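Hi everyone, thanks for having me. Let's look at one structure together, starting with a pair of helices and then moving on to a sheet.

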Amino acid sequence: MSRTPKDAELARRLSRRNVLGVVAGATAATLLGTATAEARGRNRAVLPPGRLGIQLYSLRDKVSTLGFAPVFAELQKYGYDEIEFAGYSQGSAGAITLAQLKQLTRDHGLNPIGSHVGYHDNNNPGAYTFAQNLTKVLDDAEALGLRHIGTASGPFRYGSTVDGWKRAAEDFNTYGAAARKRGMKFYQHNHAEEFSFATDHPGVRLYDVLLAETDPDLVYLEMDIYWAYAAQFRFGRKADGTPAPFDPVDYVLRQPGRYPLFHVKDGIRDDTARDGYRMSDVGDGDIDYKKFLSRVTARTPNGRAYHHWQTEHDNPAESFAFARKSSEHLHSLRERCGE
């Protein structure tokens, strides 16, 4: 019989996993040395060195018309260190193999840190998804040298009930175990809806079920900060109107090691919009990234050498301009040592 969300076991798992953190970054001595040197000055860059990436979905128009090499050259010029894939062709001008793609990243000094792949496709048994083609997905990620492989699909495969999300969590645990055997971390990227409430238990936030039911050693999270703030606006009350406030950064601070990756996207606050924000280039909106990054890196052991920050805009007015402006803004953020 399925357990209810109020049973003792789920409560225990929620409590236990809220205090778990995965300490990582043991191989980052160089970056930590740089951070220490910076700390001797009056101000320190908020953005950890070597940790700025971009989700290539934001540049899909440029990749499709110019190809990967010119896009990577621009990103290198703008000061990016990493990239996150959104498919390995993106309509690229000319065919390209995984080996060629990996070489291009090396040629331009870009670390391929992760990739988004679909969770499932019930209408296509042969789809390139975790559910239908797990081995192929991991083979490709391994060929590219990825350290993380994940999905931007929500865990709604079996519906929006507590038990449906427990079943999805079992799937994610399976994918995470398989990725771990290859030396990679499986992760899930949120949109706003993950923070909504279960249809059968409207007092239970679905994201909490996901955290409780997935193994923290197998399943990691990539917080899309913009969508988390949109969820704060949309799902700050239960269906009956009872206040249910939350702060996105608190999820990270409770389990900082479960969030190796972040999507850094910005928005202008607009209470008349469905999501409470209108998406903007990073630095043009109202999300306080100086505060968010500072709190996360200060809380996490070796935090400045652990997390990876990927800029993103779903539909930028001009994608190269977005990439350049976002990098400039994040690199410009400073904090006084000891803040």
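Before we start, a term: helices (H or I, at least four residues) and strands (E, at least two) are DSSP runs, numbered from the N terminus. Axes are lines fitted to C-alpha atoms, for helices over the stretch in contact, and angles run from 0 to 180 degrees between N-to-C directions. What you see is a predicted model, where local features need pLDDT of at least 70, side-chain atom pairs count only at pLDDT 80 or more, and totals for chains, interfaces and linings use all residues. Residues are numbered from 1 along each chain as its sequence is written, and side-chain values use heavy atoms, with hydrogens and water left out.

Now find helix H6, residues 130-143, and helix H7, residues 162-181: their axes come within 11 Å and cross at roughly 5°. That makes H6 roughly parallel to H7 (the word covers angles under 35 degrees). Which residues of H6 and H7 make the contact, meaning heavy atoms within 4.5 Å? H6 brings Phe130, Ala131, Leu134 and Leu138, and H7 brings Tyr175, Ala178 and Ala179. By class, this contact of H6 with H7 has seven nonpolar residues, no polar and no charged ones (Ala, Val, Leu, Ile, Met, Phe, Trp, Tyr, Cys and Pro count as nonpolar, Asp, Glu, Lys and Arg as charged, and the others, Gly among them, as polar).

On to the sheet. Eight strands form an open sheet with parallel pairing, in the order E4-E3-E2-E11-E8-E7-E6-E5; two strands pair if DSSP finds at least two bridges between them. At the edges sit E4 (111-115) and E5 (148-151), each pairing on one side only. Strand E3 (residues 82-85) pairs with E4 over four bridges, in the parallel sense. Phenylalanine 85 has serine 115 in E4 as its bridge partner.

Notes. Parallel < 35°, antiparallel > 145°, perpendicular 65-115°, else oblique. Contact = heavy atoms within 4.5 Å.
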